Amino acid sequence: MLMFLAGFQCSSALAQGDALEEAATPSALVPRSLLLDIERVGNKLVAVGERGHIMLSNDQAASWTQALVPVRSTLTSSFFVDEQQGWVVGHDGVVLHSRDGGLNWTKQLDGHEANRLMRDHGQVLLTKIESVLATMTEQHEQLEAMQLKLEDLTIAVEDSESFLSEGASRPFLDIWFKNSREGFIVGAFGLILRTNDGGDHWTPWFDKLDNPDAFHLNAIQHIGDALYIAAEAGDIFRSDDWGQSWLRLESPYEGTFFGVVEAGEGNLIAYGLRGNAFISADKGASWAAIDTGTDAGLFGGARLAGGAVVLVGAGGTVLQLSSQGKLIQRSRSPYKLPLSAVLDNDADILTVGFGGVQSLILKKKQNGARP
């Protein structure tokens with residue numbers, strides 16, 4: 001879904017001008033426009049979406065205020081570390097930062113600079129590998145592994161050169177910060193960068209992941225004492241040291257994952273294309289399939305207060321799962337339009353997607369059943 005939108009936004013940007021150089025336009029229709037993420041920041045709600053739209057609500061989504069945003073690129077994800085400081089990422093490789101609770105935003109990074117950083121980092125790594133290989137003999141036990149690494153890096157640098165010539169074409173899809181200084185952004189074609197100064201500078205981190213084919217990195221999530229990245233081609237990565245190193249987990253299937261969400265009792269639920277969802281009780285070391293009863297793509301998920309999980313996706317699909325991964329109920333939103341993210345909201349849930357913000361009631365939740 002996000003990659004389709006990336007293509008749409010790219011073509012519309014070409015028709016209308018440079019989305020990175022034009023501010024988002026105020027509009028009363030924003031709450032009903034395409035929105036891709038929503039989060040709670042203290043007592044406030046923040047939602048982001050197409051055309052640089054960022055909205056704030058202080059009354060549980062009854063009304064919304066549009067923020068001042070310097071770009072009109074489609075925005076895919078937000079993350080606040082406290083009630084004042086937050087970041088947003090999106091198409092055209094954009095990273096935005098706010099210090100006033102989301103009312104005003106400044107651009108910290110765009111796709112032109114991100115592509116240059118990825119290219120330069122790859123060239124540095126390539127030079128190091130070539131230097132090491134020059135000292136190895138044919139009998140060296142690590143020779144073959146280093147030669148394979150050289151091939152992968154050569155391809156990565158060539159790809160980076162191509163992206164650099166194309167312009168700001170690769171979207172960032174998700175963002176996570178440990179604190180006000182340390183954070184990660186992930187995106188299409190293997191994009192992953194790290195900052196340790198609040199986003200003033202970014203370092204490519206792709207060499208820390210076993211992702212030689214540069215599969216899309218769709219989401220990054222902190223659960224328990226680990227970080228998880230949900231990716232294309234069935235890949236899920238876990239870090240036990242705050243992102244310094246990453247382990248590619250044994251995958252339960254070969255399709256795309258769009259996210260990993262925490263369930264009760266220490267369980268994880270990973271979800272993706274064609275209704276696929278899997279549960280793990282051991283931090284992703286093993287997985288069991290969940291019978292979701294649907295083949296709709298699942299694009300967003302959230303933990304409910306009692307440990308159950310709600311997943312949303314294509315066709316307005318809404319699934320409620322117990323903390324053990326049992327299907328409690330399956331329904332569809334009234335408009336039956338794709339939903340991209342969901343948020344627990346006490347008596348109801350809030351969803352965003354095509355058609356904007358929707359408040360939905362889960363029958364089991366309304367009746368007080370919290371598995």
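Okay, a definition to start: a residue is called buried when its relative accessible area is under 20%, exposed when that is over 50%, and partly exposed in between, using a 1.4 Å probe and protein chains only. One more: helices (H or I, at least four residues) and strands (E, at least two) are DSSP runs, numbered from the N terminus.

What you have up there is a predicted model, where local features need pLDDT of at least 70, side-chain atom pairs count only at pLDDT 80 or more, and totals for chains, interfaces and linings use all residues. Residues are numbered from 1 along each chain as its sequence is written, and side-chain values use heavy atoms, with hydrogens and water left out.

So, strand S25, residues 339-345. By the way, two strands pair if DSSP finds at least two bridges between them. Across that pairing, Asp344 sits opposite Ile349 in S26. S25 and S26 make a hairpin with two residues between them, and in the turn Asp346 has a positive phi of about 65°.

Next, the open sheet. It has four strands in the order S1-S2-S3-S4, and the pairing is antiparallel. S4 is joined to S3 (residues 54-57) by two antiparallel bridges, and Met55 stands opposite Gln66 in S4.

Ser33 is in the loop between helix H1 (2-16) and strand S1 (35-41). Is Ser33 buried or exposed? Buried, with a relative accessible area of 10%. Its side chain reaches the backbone oxygen of Val30 at 2.7 Å. Leaving out neighbours within four places in sequence, Ser33 is in contact (heavy atoms within 4.5 Å) with Glu50, His53, Gly353, Gly355 and Gly356.

Last stop: Phe177, in strand S9 (residues 172-177). Phe177 is buried too, at a relative accessible area of 2%. Which residues does Phe177 touch, not counting those up to four places away in sequence? Among them are Phe79, Val81, Trp87, Thr195 and Trp202. Gly198 is on that list as well; Gly198 is 21 residues from Phe177 along the chain, and their C-alpha atoms are separated by 8.8 Å.

Key: A polar contact is a pair of N or O atoms within 3.5 Å; within protein, one must be able to donate a hydrogen and the other to accept it, and residues adjacent in sequence count only if both atoms are side-chain atoms.
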